[in-house]
Amino acid sequence: MTADTPVRIMQAAKEIVAEHTKLEGVALSLDSVAKRVGLTKPGLMYYFPNKQALMVGLVEFAAQQWHDMLREHAGAEPAELSVFARYRAYVEVATTAEVSRADYWIFSDALYHPSLSGAWQEWLGPWFALEGASEHARGPLTAARFCADGAWMSEATGVMQADDLGPVRAHALELIEIAEGRAAR
């Protein structure tokens, strides 16, 4: 086992989720992940002692990936950016990132398992915080975020995908400009 074993485990789990196409839902097991990553089940359980720990780890992995993409795009941590810069980064990343049904499943599974939502709040909450935005700016900022949310979810699920996300991104960025203009008044 190496230092990157937990990352390899999470990548294997995400691959399995992405490959799953059955209507009944995703069946992610310790056995299937261990086999995919080339570990024994006890070897996997050294890092993730049960399925709940594996799921929490998978959500943590996915949420941190989103945070890393946003930080890389923005060039700074969210605390170092204005609310408008944070929202611009999210719109740009959400409308251009390579996403899969695994991303959508990992995100939406938190809806059915509240214990999984903590990682999303921890990693993405600072990007979506509206502190520092006036009441007049909050509506356009939230609308911009919802445009970006819909864009990446549509791409991830493959349901009703847009031919071109460029106009969606442009509109969301205009909403952020409107919010910034309202904040200056």
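Accessible area here comes from the Shrake-Rupley method with a 1.4 Å probe. By that method, this predicted model exposes about 10,000 Å². Carbon and sulfur atoms supply 55% of that area.

Start with the overall build. The protein has nine helices and zero strands. Read from the N terminus, the order is α-α-α-α-α-α-α-α-α. The C-alpha atoms fill a box of roughly 60 × 35 × 25 Å along the principal axes. Of the 185 residues, 42% are buried.

Next come the charges. The protein carries 16 positive and 24 negative charges. Their mean positions are 4 Å apart. Side chains of opposite charge can pair when their charged atoms come close. How many salt bridges does a search of the whole structure find? It finds nine.

Take the pair Glu180 and Arg88. Their side chains meet in a salt bridge, at 2.3 Å from N to O. Glu180 lies in helix H9 and Arg88 in helix H5 (residues 83-94), so this pair ties together parts that are 92 residues apart in sequence. Glu180 is partly exposed, with a relative accessible area of 32%. Arg88 is partly exposed too, at 28%.

Arg145 and Asp149 both lie in helix H8. They sit four residues apart, about one turn of the helix. Their closest N and O atoms are 3.5 Å apart, and they form a salt bridge. Is Asp149 buried or exposed? Asp149 counts as buried, because its relative accessibility is 13% and the cut-off for buried is under 20%. Arg145, at 23%, counts as partly exposed.

Two further sites belong to the salt bridge story. The side chains of Glu77 and Arg71 meet at 3.3 Å, N to O. Glu77 is partly exposed at 31% relative accessibility, and Arg71 is partly exposed at 32%. Elsewhere, Glu15, Glu19 and Arg36 are linked in a network of salt bridges.

Finish at a loop. Which residue other than glycine has a phi near 55 degrees, a positive value? That residue is Met160. Met160 is found in the loop between helix H8 (135-157) and helix H9 (166-184). Met160 is exposed, with a relative accessible area of 76%. So Met160 passes the cut-off for exposed, which is over 50%.

Note on methods:
Residues are numbered from 1 along each chain as its sequence is written. This is a predicted model: local features need pLDDT of at least 70, side-chain atom pairs count only at pLDDT 80 or more; totals for chains, interfaces and linings use all residues. Side-chain values use heavy atoms; hydrogens and water are left out. Helices (H or I, at least four residues) and strands (E, at least two) are DSSP runs, numbered from the N terminus. Buried means under 20% relative accessible area, exposed over 50%, partly exposed in between (1.4 Å probe, protein chains only). Lys and Arg count as positive and Asp and Glu as negative; His and the chain ends are not counted. The place of a charge is taken as NZ of Lys, CZ of Arg, CG of Asp or CD of Glu. A salt bridge is a side-chain nitrogen of Lys or Arg within 4 Å of a carboxyl oxygen of Asp or Glu.
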